[in-house]
Amino acid sequence: HFLCCLWAIFALVQNIGLPQSARRERDDTYGGHWKHLTFLNQILQTILFVLCVVIDFVGLCTPSYEKKVSSLLVPIRDFIFLVFVFPVGLFVAVVFWGLYAYDRELVYPRELDEVNPTWLNHSMHTTILPLLFIELVICPHKHVRKTKGILGLTVFTLTYLCWITWVHHVSGIWAYPVLGVLNIPGKLVFFSIAYCIVLMFYFFGRVLSKQLWVYVPWRLMERPEISDAFHSKVSRKPSVTKPKVYGSTVQLQLNKQLSSASVSGCASQGGWSPKPKKFPNKDKGGGLESKGRFPVGWFVETAVASA
């Protein structure tokens, strides 16, 4: 998480175009970087990994506050990742490189090569993909309800579409050149397809996360057969297992006498040593134990019963 956070911050700073950064020209048009979904995705990824680092740091350095901090930040982290970061990040990488392969002028004109180095372009549109799957694999995430997830993603998508439409209305420029070559029905179809794709990526991340972390305790409790077995076992009264007793009551009494201190006292005073009697050996079909020894299983269980 710490390395991913460092890379996310580094890529974000380089994309902004601060002094001494790799970007050779700042975006001074209306809306700036905020009109590009790539930049917004970088913001979301940076926020996500900062939260992950804070949670990990508290868990390692101040365990006494781990429960309090986790109860507050972990739901926010899971919601941001599963509802925003994963579907939006996957959408940015897949759609960008798909349009780039078809016609790069639709999404990343050649004159941008003079503004952004090639590695900076990959930091915005390529490396975001492995970061998503690293977070998906190394950390379990608890899902929110589908309705809340779809609602959150829908609000984000509609807000962004309204924002880039407003930017075009005010400044006359589109965030991406592909929108400039489409008419109004074409834009509506393009927006509808884009929304369906990002929604599909949301469900893909949800299913993939559940499959990767199926053995996490709360995932197991979601399975009906395990949940029913657990609750039936908890509600069941504990049963008392009575130890098995080999031989008759006389033999049990003899075992008590042998284990008492009086027998050892008599043996020490009179020089008399009690010779153990032969008892049936249950392990050998009821025959007598050789050499006059007690059966081990019988001795242990009768000692427990006498105690």
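Analyst: In what follows, contact means heavy atoms within 4.5 Å. The model is a predicted one.

User: With that in mind, what do the buried residues of α5 pack against?

Analyst: They pack against five partners by name: α1 (2-16), α2 (37-61), α3 (66-103), α4 (118-125) and α7 (184-212).

User: Which residues of helix α5 are the buried ones?

Analyst: Helix α5 covers residues 128-138, and its buried residues are I128, L131, L132, E135 and L136. Viewed down the axis of α5, these residues fall within an arc of 135°, so they line one face of the helix.

User: How many salt bridges does a search of the whole structure find?

Analyst: The search finds 3.

User: Why is the pair D78 and R77 called a salt bridge?

Analyst: The closest N and O atoms of D78 and R77 are 2.9 Å apart. The cut-off is 4 Å between a side-chain nitrogen of Lys or Arg and a carboxyl oxygen of Asp or Glu, so the pair qualifies.

User: Are D78 and R77 buried or exposed?

Analyst: D78 has a relative accessible area of 4%, and R77 has 6%. Buried means under 20%, so both residues are buried.

User: What makes R104 and D113 a salt bridge, and how is each of them classed?

Analyst: Their side chains meet at 3.1 Å, N to O, which is within the 4 Å limit. R104 has 10% relative accessibility, under the 20% limit, and therefore counts as buried. D113 has 36%, which lies between 20% and 50%, so D113 counts as partly exposed.

User: How do you know that E105 and R110 form a salt bridge?

Analyst: The N to O distance between the side chains of E105 and R110 is 3.7 Å, again within 4 Å.

User: Which residues make the nonpolar surface patch, and which helices supply them?

Analyst: The patch is made by I9, V13, V50 and V54, and has an area of about 240 Å². Helices α1 and α2 each supply at least two of its residues.

User: Where is V13, and is V13 buried or exposed, or in between?

Analyst: V13 is in helix α1. Its relative accessibility is 30%, which lies between the 20% and 50% limits, so V13 counts as partly exposed.

Notes:
Residues are numbered from 1 along each chain as its sequence is written. This is a predicted model: local features need pLDDT of at least 70, side-chain atom pairs count only at pLDDT 80 or more; totals for chains, interfaces and linings use all residues. Side-chain values use heavy atoms; hydrogens and water are left out. Buried means under 20% relative accessible area, exposed over 50%, partly exposed in between (1.4 Å probe, protein chains only). Helices (H or I, at least four residues) and strands (E, at least two) are DSSP runs, numbered from the N terminus. The arc is that of the directions from the helix axis to the C-beta atoms. Patches are made of residues with over 30% relative accessible area and no salt bridge: like charges are joined within 9 Å, nonpolar side chains (Val, Leu, Ile, Met, Phe, Trp, Tyr) within 5 Å. Accessible areas come from the Shrake-Rupley method with a 1.4 Å probe; for residues, only the protein chains shown count as cover.
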